[in-house]
Structure formats: structure tokens, C-alpha cells
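This report looks at charged side chains and their pairing. The sequence and the model come first.

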Amino acid sequence: ELVAAKEELEKALKKQKLALKSIDFGLIYIDKNYRVQWEETRQIASLVKGRRYIPGKICYQTSALRNEPCGQCAFKKAIEQGKIIRHTIRVDDVDFEVTATPVFGDEKETEIIGGLLRFENITEKLKMNRMLQEAKEKAEESNRLKSAFLANMSHEIRTPLNAIVGFSEMVCQTEEEEEKQEFVKIISSNNILLLQLIDDILDLSKIEAGTMEFTFAQTDINELMEGICRQMQEKNSSPDVQIVFTERANQCIINTDRIRLSQVIINFTNNALKFTSKGSIEMGYRIKEASDEIYFYVKDTGIGIPADKIDKVFERFVKLNSFIKGTGLGLAICRVIVERLGGVIGAESKEGEGSCFWFKIPRTENIEK
């Protein structure tokens with residue numbers, strides 16, 4: 001009977017060890033004098049080097065390399081307070097959730113004889129939580145900006161419409177040719193603004209629906225840039241601002257979407273015109289042979305962008321100056337276009353000195369299928 005009982009006990013102990021080996025966290029039983037009775041920490045032992053819970057040894061001497069428990073020790077608090085204590089710690093760049101559970105020596109729970117320590121690696125869980133929190137904050141910010149955008153759009157659209165309607169009536173009423181020409185110019189500029197507003201809204205809806213189309217063909221970049229430069233020079237109404245096409249290759253022909261590429265460069269130049277009252281706006285490109293890319297840029301001597309806002313300029317619905325007409329969508333649309341062309345986009349600026357908006361796209365097989 002003793003032999004049979006011994007065998008049954010050994011089987012039970014073996015099953016207990018197998019069960020403990022299957023857990024994906026560390027579990028240690030410590031008596032009230034801080035001496036480790038048994039432990040199962042193989043799943044986390046490789047994460048923290050040089051620190052172990054060793055049966056028969058004082059826990060804080062071998063695990064925390066201390067001569068006494070630390071003030072925040074979960075086990076110390078659990079056996080002092082007689083309740084479960086949880087907290088998180090970070091050791092060797094690994095985050096653990098520590099749960100200390102007091103163990104009582106009788107059913108009446110009058111005497112604490114030790115406690116169980118549970119260590120769970122929650123590094124990935126915390127990382128995921130941070131990512132979810134960031135995504136939540138970003139979604140909330142996007143929703144806030146979208147609401148502000150929609151509230152602002154009625155004003156943005158009404159302004160040029162009112163000008164078009166009002167000055168159209170005045171053209172019919174006036175007989176002076178000079179006044180008529182002035183009114184026609186105002187109507188024309190507001191037509192362009194209204195068209196840009198509608199184009200931005202339509203492009204945004206295409207982006208949201210995933211239906212923005214690209215048509216690829218062989219494109220002469222020098223001819224494209226010269227055409228944009230002439231168009232912007234004609235649009236420029238300030239005699240104190242020069243618009244120049246400064247840097248180019250002798251020849252550059254690539255397979256790309258001419259309209260979308262023009263849209264990005266024109267948007268950069270329009271923004272430069274809005275914020276540059278004196279000096280120059282330079283546009284150009286250079287071929288980067290090493291990476292087989294083309295680097296485009298539009299550089300101005302305008303008011304610049306504050307350092308704390310430069311990272312936000314390509315986000316949707318963002319307007320750094322609410323007094324400047326526009327949707328706050330242009331640069332966000334540019335970012336999508338450049339990414340769809342297989343490139344990257346960026347901006348550099350110094351407040352009071354000017355800005356440089358740039359993007360890089362591959363020179364070969366550019367890119368949308």
C-alpha cells in the first residue's frame with residue numbers, strides 16, 4: 001500500500017510538473033520569510049539575464065540582486081496586506097505584469113504562510129495598446145478636423161460664389177469698359193478658386209473610395225516643367241516675386257502620369273505664391289543616378305513654417321493659416337499621388353526664411369499598375 005501510494009504521489013507530482021512546464025508565464029511559490037520553495041520560470045528566464053528565482057534561496061537576493069525587498073515589492077505588499085497585489089515592472093527592456101497572491105495556512109485565512117508570484121511578459125501587449133491608443137487619437141483628430149473642414153467648406157464655397165454672382169450683376173449694370181474688365185478679372189479669379197475647391201473635394205472622395213485613376217505615358221519632364229513655370233508666371237500678380245525654373249537635366253523622359261505629376265508641382269507652387277510676398281520661387285529637378293530616382297522641388301523665400309507644424313502639413317484638413325483661402329486638402333492629396341507613383345514626399349522650412357517642398361519618384365517604370 002505504501003509503494004502504491006508512493007507511485008500515485010509521484011504520478012501526481014509528474015503531472016503537476018508537466019502542467020507547470022506548459023504555462024507561458026513565470027510562477028514562483030515563496031514562503032513568508034522570502035525563501036523560494038519552488039519555481040517554474042523557464043518561459044521567461046531567457047528574457048532577463050543574470051536574475052533567477054532559486055529554490056532554497058532568498059528571492060530578492062537572487063532575482064533583484066538586493067539585500068532587502070524593495071519598497072514597491074508586490075510580494076512584500078501582498079503578505080503584509082493579505083490581498084492580491086498587481087503592478088508592472090520593466091527589466092532589461094522587457095515589460096512584466098507581476099501578480100502577488102497571498103497563501104493562507106488555514107481555511108479561515110488567519111495566517112499567511114507565503115505567496116505566489118506570477119510574471120507575465122506583456123511587452124507586445126503594451127506595444128499593441130500604445131498603437132491602438134495612437135490610432136484612436138489619430139482617428140479622433142481626423143474626425144475633428146473633418147468636422148471643422150465640413151463646417152468651413154460652406155464658407156469657402158459661398159465666398160467665390162457670392163463674388164461670381166455679385167460681380168456678374170455689376171458687369172451687366174456698368175457701362176464703363178475699365179470697370180467691366182476689372183469685374184471680369186475678379187469673376188475669373190473666383191472661378192479658378194471655386195474650381196480648385198471642387199477639384200480637391202472630388203479628389204478626396206476618389207481617395208476615400210480608392211478610385212483615383214492614373215494614366216501612364218512617356219512624359220518629357222523639361223517640357224512639363226517649362227509649361228508649369230510659364231503658367232505660374234502668368235498667374236503671379238506680384239512684381240516683387242520671381243518664378244523661375246532653375247535646375248534640370250539635358251534630357252529627361254519617363255513613363256508617368258503627366259496630369260498627376262503636374263498637379264503636385266502646381267500645388268507646391270500655388271502654396272509658395274500664397275506665402276511669398278517678396279523674393280523668388282524656384283522650381284527644378286535633379287536625377288539621382290545612384291538610386292535611379294528623380295528629385296523634384298519648389299523652393300520659396302516666403303514666411304516659412306514653424307518647426308512644430310512642419311510634420312502636419314501633409315495631413316488632411318490641415319490649414320496652417322485659416323485666413324488663406326483653400327480646403328486644406330491640397331498637400332494631403334499630393335502625398336497620396338506621390339505615394340501612388342512609388343515615391344516619397346517631404347518639406348523643409350525655416351520660419352521667416354522660406355520653405356522647400358520636395359518629392360522623389362523612381363525614374364523607371366513609374367509605378368501604378
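R90, D93 and D95 are joined in a network of salt bridges. A salt bridge here is a side-chain nitrogen of Lys or Arg within 4 Å of a carboxyl oxygen of Asp or Glu. Over the whole structure, the search gives 16 salt bridges.

This is a predicted model: local features need pLDDT of at least 70, side-chain atom pairs count only at pLDDT 80 or more, and totals for chains, interfaces and linings use all residues. Side-chain values use heavy atoms, without hydrogens and water, and residues are numbered from 1 along each chain as its sequence is written.

Three pairs are set out below.

| Pair | N to O distance |
|---|---|
| K32 and E111 | 3.8 Å |
| E226 and R248 | 2.6 Å |
| K299 and E282 | 4.0 Å |

Where do K299 and E282 lie? K299 is in strand β10 (residues 293-300) and E282 in strand β9 (residues 279-288), so the pair ties together parts 17 residues apart in sequence. Helices (H or I, at least four residues) and strands (E, at least two) are DSSP runs, numbered from the N terminus.

K299 is partly exposed, at 39% relative accessible area. E282 is also partly exposed, at 25%. Partly exposed falls between buried (under 20% relative accessible area) and exposed (over 50%), using a 1.4 Å probe and protein chains only.

Now the E226 and R248 salt bridge. This pair links distant parts of the chain, 22 residues apart: E226 sits in helix α7 (residues 221-235), R248 in the loop between β7 (241-247) and β8 (253-256). E226 is partly exposed at 31% relative accessibility. R248 is partly exposed at 40%.
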